[in-house]
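Subject: Handover of a structure and its pockets

Dear colleague,

Please find the structure below, together with its sequence.

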Amino acid sequence: MLIILKENITKAHVDQLCQDLAKLGVNPQAIAGEGSTIIVLLGDTSQLEPERLGLLPGVERVIQVRERYKLADRRSHPQDTLVELVDVVIGGSQLVIGAGPCSVESKEQLNTTAQGVKAAGARLLRGGAFKPRTSPYSFQGLERDGLRYLKEVAAENGLPVISEITDITYLDDFLVCVDVIQVGARSMQNFELLKELGKTDKPILLKRGFANTLAELLMSAEYILKGGNSQVILCERGIRTFETATRNTLDISAIPVLKRLTHLPVFVDPSHAGGSAWLVEPLSLAAVAAGADGLLIEVHHNPPAALSDGAQSLTPAQFADLFAKLRAVAAAVGRSL
Ligand code: PEP
Ligand code: MN
């Protein structure tokens, strides 16, 4: 961190500032130039608030050199993090495609979709049991019964499962029933939830909030990592822009930017980004071409009858078609499926 001091500040003032800064556990080195002085703060500055340092007498401005998400930062961990499930590794050369219904609606519905997506090549089954719906009158999910069906269908089909947690009071059920806990876009900055998830060793898929920057996404990941849980997957799922032709705008550039900034694997959810089934294919192909480590796709055996997000759900047959095209794009960028 660099502290730029106001012009013509006295040497005594600089010495006093350095003494005060040293008490914060860092090593301040003052460099006096022509009329202006800067103080370089060496050591671990992640605990320091630049805004507060900016209020110290004589300080002109503060420049943060290292990001505050030191655990998520690729500079502190150059090699890619691998998130390991039984028989599935996320973040390696083989892409992981997760698929399944937006909501678990019944055990039969989940099972039918699980068989379809597994036959096409999916290696992770998705299904929401606690649904964060905009309207309280919309289907809210089967809740604990939904989690139980996920566990049973996972065991019967040999597919790991992912489901979204909406409140920390359900954590014990999630720990028992799912292989990956999803933190939805609406919960990305529920910091108390993130802190509790950081204390577990369950893989967490953290979705980007639709109005959040990538730096904010990485700070949220940092909450989980700081608690001791290194198994974090990031997920770009579209952000809100002025465009109304799509449900959200898939931020394709988020993929290479995140891959550069962090060692954590990056998934893309093309279903919630586009909001229409016909957009899932082009967005999926683009995401894989841009370096995504995996996709999360909504699939329903009968989309018109889906209790949530039918318009953006593929049928198992459409999903199988997409899979064949994904294989070709993955191969073109040196990945396999
Ligand atoms: C979901 O995956 O069903 C979901 C609600 O996603 P998001 O949090 O991205 O809106
Ligand atoms: Mn959905």
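The space taken by ligand 1 is the second largest pocket. Here a pocket is an open set of points on a 1 Å grid over the protein atoms alone, where a 1.4 Å probe fits, with protein on both sides within 12 Å along at least five of seven lines; its lining residues have an atom within 4 Å of a point. A molecule counts as sitting in a pocket if more than half of its atoms lie within 2 Å of the grid points.

This is a predicted model, in which local features need pLDDT of at least 70 and side-chain atom pairs count only at pLDDT 80 or more, while totals for chains, interfaces and linings use all residues. Residues are numbered from 1 along each chain as its sequence is written, chains are lettered from A and ligands numbered from 1 in the order in which they are written, and side-chain values use heavy atoms, with hydrogens and water left out.

The second largest pocket holds about 300 Å³ of space, a volume being the space filled by probe spheres set on the points, which are joined across faces, edges and corners. Its lining has 23 residues, and Lys131, Pro132, Arg186, His272 and Asp309 lie nearest the centre. By class, 4 of the lining residues are nonpolar, 10 polar and 9 charged (Ala, Val, Leu, Ile, Met, Phe, Trp, Tyr, Cys and Pro count as nonpolar, Asp, Glu, Lys and Arg as charged, and the others, Gly among them, as polar). Strand β9 (residues 161–165) provides the largest share, 3 residues; strands (E, at least two residues) and helices (H or I, at least four) are DSSP runs numbered from the N terminus.

The residues around ligand 1 (a heavy atom within 4 Å) include Cys102, Glu164, Gln182, His272 and Glu298. This shell comprises 2 nonpolar, 3 polar and 7 charged residues.

- Arg186, from a polar side-chain atom, at 2.9 Å
- Lys207, from a side-chain N or O atom, at 2.8 Å
- Arg237, from a side-chain N or O atom, at 2.6 Å

Taken alone, ligand 1 exposes 300 Å², and the protein buries 97% of that (Shrake-Rupley method, 1.4 Å probe).

The largest pocket contains about 400 Å³ of space. Arg68, Met219, Glu222, Tyr223 and Lys226 are the closest to its centre among 15 lining residues. Helix α7 gives the most to this lining, with 6 residues.

Yours sincerely

Terms used:
Polar contact = N/O pair within 3.5 Å; in protein donor to acceptor, adjacent residues only side chain to side chain.
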